[in-house]
Structures are given as structure tokens and as C-alpha cells.
Amino acid sequence: MERLISLQPYRMKYPFLVKIARYVPLPVIKDTARAEGRLQTYAMQSVDRYKKLISQNPSNPKQTLFTKLFDEKSGMSYSDIIQEARGYIVAGSDTTAVTLTYLTYSVCRDNRVREKLVAELATIPEPVTDKSLRDLPYLNQVINETLRLYTAVPFGLPRLVPPEGARFNGYHVPGGTTVSTQAYSLHRDHAIFPDPDK
């Protein structure tokens, strides 16, 4: 499947580029511009649905990813909230697609795993519900191992050391220092996972 170029980094800085992209005679650029439009529409629809939920129960709206964004303290405008919604949509769909692709690959390449998983899934009574899937131990192990081996976001996520500092592996890390670690390396530590590539 051909990967679309993301215009998101340019949308805020150079809005005219996104507008003219649909007229560029390259299919990948035109397709990306159309996808950006669909993403914008879906984000607006999602935010508007949540606004409707708030209007139905303003004192105690249903908690979603948008709840804190609509808090008056956030100071976010409607267009800011739409941009956040676009980020949530991309982050949630891309990571889920990557994980499900690798999960399918992992299960299909190992007969033992596939047979054990199919046997466990066969025990689920009809109708199948989210709860019945959450309670399956082997399915959850397969999902967790897929996430360990094929992390959807393999790079380090930066974190700030608290003001008082911290000790790590015998070293003092000063407060305010940005630290991160690489998921790929941690998930292949022989001290934790005796056979880390399986």
C-alpha cells in the first residue's frame, strides 16, 4: 500500500501549501490533499458530537479524550481542539494498524501460537463482546508480545526529571533533565526476556 505524505506539519505554518496541493498534478500529492480534507471533516464531526454530548449533560458530560480540551482552563479555541482531534485520530489509527498488521504476521507465522489462540477464541460464547475478549489470557499475551516485539512507537518518549532530581542505576540525574529510553532495546533485554526475539 502506498504511504501518503503528511501535510500536517505544513498546515499551521504554511496554510496556502495545503490549499494549493490539490492542484499539483502528482497523484500522491492530490491524494494526500483529499485525505487531509477527509481527516479535517472527521475531526470536526467528532468534536461536534462531543459538544452535543456536553449540551445534553453540561454538569457531568461523558468522559472522552476531548473532556479536558473543552475545560475552560485549557484556553483552547475550537480550531485548536480540531487540531488536537486530528492528532488523536492519526495517532490512534496508525498505531492500531501497525500493531494489528504485526499481530497477524506473528500469529500466522507460528503454528503453535495460531493453534493455541484459535482454541482459546473457540471457547467464546455468542454473541462475542469486548468484555469476553478482554478476559482471554492467551489473546492478551499475544497482544502484549506483539507490542513488545513490534512496538508501534519505537522511539523514546521524552520525560522530564522532577525538580529534586533522581537516582538511576547509581547515577544522579539532575532535576529538569530530559530523559528517554528506546523501547526496542528495553524489550530485548536478556535479563528480563530470556529469549527476547521470540
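**View 1. Buried face of α7.** Y138, L139, V142, T146, R148 and L149 are the buried residues of α7 (buried: under 20% relative accessible area, 1.4 Å probe, protein chains only). They pack against α4, α5 and α6 (130–134), judged by contact (heavy atoms within 4.5 Å). Helices are DSSP runs of H or I, at least four residues, numbered from the N terminus. The model is predicted: local features need pLDDT of at least 70, side-chain atom pairs count only at pLDDT 80 or more, and totals for chains, interfaces and linings use all residues. Residues are numbered from 1 along each chain, and side-chain values use heavy atoms, without hydrogens and water.

**View 2. Span of α7.** This helix has 13 residues. From first C-alpha to last it reaches 18 Å, close to the 18 Å expected at 1.5 Å a residue.

**View 3. The second largest pocket.** Its space is about 450 Å³. Of its 15 lining residues, D110, V113, E145, L149 and K198 are the closest to its centre. α4 (78–109), α5 and α7 (137–149) each give two or more residues to the lining. α7 gives the most, with 6. By class, the lining has 6 nonpolar, 3 polar and 6 charged residues. Lining residues have an atom within 4 Å of a pocket point, on a 1 Å grid; a pocket is an open set with protein on both sides within 12 Å along at least five of seven lines.

**View 4. Confidence along the chain.** Mean pLDDT (the predictor's confidence in each residue, from 0 to 100) is 82 for the protein. Confidence is lowest in α1 (residues 8–13), at a mean of 50, and highest in α5 (residues 111–121), at 95.

Note on methods. On a 1 Å grid over the protein atoms alone, a cavity is a set of points where a 1.4 Å probe fits but cannot get out, and a pocket is an open set with protein on both sides within 12 Å along at least five of seven lines; lining residues have an atom within 4 Å of a point. Grid points are joined across faces, edges and corners, and a volume is the space filled by probe spheres set on the points. Ala, Val, Leu, Ile, Met, Phe, Trp, Tyr, Cys and Pro count as nonpolar, Asp, Glu, Lys and Arg as charged, and the others, Gly among them, as polar. The expected span of a helix is 1.5 Å times one less than its number of residues. Buried means under 20% relative accessible area, exposed over 50%, partly exposed in between (1.4 Å probe, protein chains only).
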